[in-house]
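User: I'd like a close look at one part of this model. Could you walk me through a sheet and the helix that sits with it?
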Amino acid sequence: MNKAILTGTLAMLTVAAVAKTTITVKGSDTMVIMAQRWAETYMTAHPDITIQVTGGGSGTGISALINGTTDICDASRPMKSSERDNLKSRYSSLGVEIKSAKDGLSVYLNDQSPVDELSLDQLKGIYTGEIKNWKDVGGPDAKIVVYGRENNSGTYVFFRDNVLMGKDYTSTMQSLPGTAAVVNAVSKDKFGIGYGGAAYGKGIKFAKVKKDAGSPGIAPTPETIKDGSYPLTRYLYMYTKSRPTGELKAYIDWILSAEGQAVVQAVGYFPVK
Amino acid sequence: MPSDSKSIDPGSDAAVPVPAESPAGSLPGGRPVSVLTPKPSEPNMSANISESASGKVPDAESPANPRPGSGNRRVLTMGKPLRLGELAIEKSIQGVAFVSLLFITLIFIFIFKEAIPLFGSGINKAESHATVEASETYGEDAAAPSKPEAPELAQKASHFTPAELGGKTWQPVSLDPKFGLLPLFLGSLKVTLIALLIAGPMGIFAALYTSNFAPMWAREGMKPVIEILAGFPSVVIGFFALVIMASVLQNLFGFEYRLNAFVGGVAMALAVVPIIYTVSEDALAAVPKVMTEASLALGATKWETALFVILPSATPGIFAALILGFGRAFGETMIVLMATGNAALFTPHIFEPVRTLSATIGAEMAEVVFGDIHYRVLFFVGALLFIISFGLNATAEFFVRTRLMKRFKGA
């Protein structure tokens with residue numbers, strides 16, 4: 001949230017100084033750093049264009065798009081059908097979806113944990129509270145300490161829909177604000193487990209994820225995420241009201257170009273192509 | 001949050017000799033807390049004059065706070081030529097007081113306005129129709145390997161009833177959302193009580209020390225230092241608790257969950273000590289010196305005097321300090337958000353993670369869909385916190401105003 005405020009202030013400072021073509025980008029906190037890098041790099045090459053980037057969350061960005069206060073909305077989850085309905089009733093358009101980057105959702109374990117791989121079913125059991133002890137998934141006889149993201153994050157919803165298949169998280173899950181907090185908690189907790197974006201931290205390791213009990217465990221690496229063999233990948237989206245034209249189109253084309261996708265890799269996500 | 005300034009008026013008929021200095025402390029954030037007592041030789045009227053002359057804004061300027069002695073002011077201005085400059089200053093101060101009052105009222109109205117539709121009939125839980133066709137896509141490479149997206153899971157349609165707020169499960173972002181506030185309420189209460197159990201004795205005894213035993217240099221040093229602690233950003237305390245304190249306490253007590261209500265309570269105590277200290281120090285210093293002198297003259301030792309004479313006579317003030325501390329701890333967001341683990345459990349154990357009311361607002365408000373039930377419930381939680389802290393402040397005010405002062409007057 002602080003990041004969002006900071007970006008907001010920066011954006012306001014930028015807008016005060018110029019009166020050129022302005023593109024506004026608003027949305028996901030997950031994507032805000034990447035969006036800023038894109039904007040910075042693009043603006044150096046095109047000094048006549050100003051790009052304002054604001055965070056606030058995927059939901060905030062989508063409602064800004066619906067209210068017409070932003071040109072591009074960043075979202076770490078696909079638009080919900082209710083949101084598309086809103087957009088349609090306002091602009092008689094369903095919006096245009098641009099897959100701008102790929103992200104692998106990692107499962108973190110403490111690096112002292114003897115468990116290395118977990119199947120999707122086991123993850124579901126752990127996060128819904130059916131599996132409470134590490135010995136049920138091939139570990140020591142100890143209680144599993146479950147960490148997750150706050151329910152305002154796109155990651156929370158993605159994990160719920162794709163791993164828990166829509167079931168509720170166990171109420172013993174400790175929800176922490178931000179990936180860094182989850183990584184930090186797991187690194188200090190020998191029996192901890194957490195999930196989040198591809199992050200780097202001392203004291204944690206990434207669990208290999210198995211699609212089902214029989215298939216091999218796959219670690220989240222740039223290759224497995226790019227080719228889709230790692231089971232927990234998601235797209236990071238950008239939405240516009242209608243098919244982009246003019247400067248907006250040039251900017252989006254640049255993001256999808258090799259140059260724009262290099263920025264994606266530089267901030268730790270994965271290119272779509 | 002304790003919000004209003006607290007000024008204790010001795011009333012116009014105070015005839016008790018009191019200490020020469022009138023102690024005045026200050027709560028964090030510049031809220032003045034002053035315990036003013038008239039000088040022994042002067043009549044009360046001049047006490048009021050010296051108060052205005054020393055640059056303090058008399059409480060009587062606030063229209064919401066008419067105090068018993070305010071009639072004096074009118075008497076004082078009688079027969080004096082009207083000075084325009086003074087009038088302007090008086091009016092602008094009055095204006096400022098009105099504006100702050102207006103702000104509080106507006107916030108109050110806003111919060112309640114957003115929460116009230118919850119109790120009307122027209123709200124249904126968001127229902128999603130899975131029939132809408134997909135958005136157009138742009139810039140996609142047909143050749144790129146892409147896995148089919150999981151279909152959007154349909155939300156259960158149901159009607160929200162206010163009775164759900166009394167449930168024991170908090171799962172607002174779910175396909176079947178549950179808005180039970182009981183675990184959150186219990187969580188707030190647990191953390192607050194732990195914080196008070198630690199900060200209460202610490203703050204009160206530190207105040208007793210500085211007001212009765214400390215040599216001048218220690219007193220001069222301690223008060224500002226403890227008050228600096230109040231100015232500490234709570235996010236710093238929270239981070240300290242999350243990274244360092246939690247590990248230390250876990251090694252010490254060996255609890256199963258690293259982040260829990262106890263860790264949050266200990267961290268919260270750091271934020272609450274300064275409030276309890278400042279307010280009880282003021283109450284202790286306001287105890288008339290005659291009582292100390294009489295006790296010492298009767299042969300009691302310094303400790304006996306402090307524990308059995310001064311402390312009991314300042315009880316209402318100390319009680320007020322505890323209530324203000326309670327209010328601060330109940331409303332504090334950042335510390336609990338970082339240090340308690342935020343799991344909405346409905347259990348009595350203090351070594352398990354908890355989720356508090358304030359942390360829930362802090363964590364969820366940013367992403368909620370505006371006008372949704374979830375949004376309204378969060379505003380309802382805000383209104384609840386508002387009412388609780390309002391009630392606590394009023395109670396504290398009442399105790400200081402009536403009990404403490406009556407006790408000194410009747411002595």
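What is the strand order in the open sheet of five strands in chain A?

Analyst: Quick housekeeping: this is a predicted model, where local features need pLDDT of at least 70, side-chain atom pairs count only at pLDDT 80 or more, and totals for chains, interfaces and linings use all residues. Residues are numbered from 1 along each chain as its sequence is written, while chains are lettered from A and ligands numbered from 1 in the order in which they are written.

Now the sheet. The order is β8-β7-β9-β5-β10 in chain A, and the pairing is mixed. β8 (174-176) and β10 (204-206) of chain A are at the edges with a single partner strand each, so one side of each has no neighbour in the sheet. From one strand to the next, the twist averages 30° (axes are lines fitted to C-alpha atoms, with angles from 0 to 180 degrees between N-to-C directions). Strands here are DSSP runs of E, at least two residues, and helices are runs of H or I, at least four, numbered from the N terminus; two strands pair if DSSP finds at least two bridges between them.

Inside the sheet, β5 (residues 106-110) and β9 (residues 192-196) of chain A pair in the antiparallel sense over four bridges. A:Val107 has A:Tyr195 as its bridge partner in β9(A).

Then there's helix α5 (residues 120-128) of chain A, whose buried residues are A:Gln122, A:Leu123, A:Ile126 and A:Tyr127 (buried: 20 or more other C-beta atoms within 10 Å of the residue's own, C-beta atoms being placed from the backbone). Seen down the axis of α5(A), they fall within an arc of 125°, so they line one face of the helix; the arc is that of the directions from the helix axis to the C-beta atoms. These buried residues of α5(A) pack against β5, β6 (117-119), β7 (145-149) and β9 of chain A, where contact means C-beta atoms, placed from the backbone, within 7 Å. Just after α5(A), A:Gly129 has a positive phi of about 95°.

Definitions and conventions: A residue is buried if 20 or more other C-beta atoms lie within 10 Å of its own, exposed if 12 or fewer, and partly exposed in between; C-beta atoms are placed from the backbone. Two residues are in contact if their C-beta atoms, placed from the backbone, lie within 7 Å.
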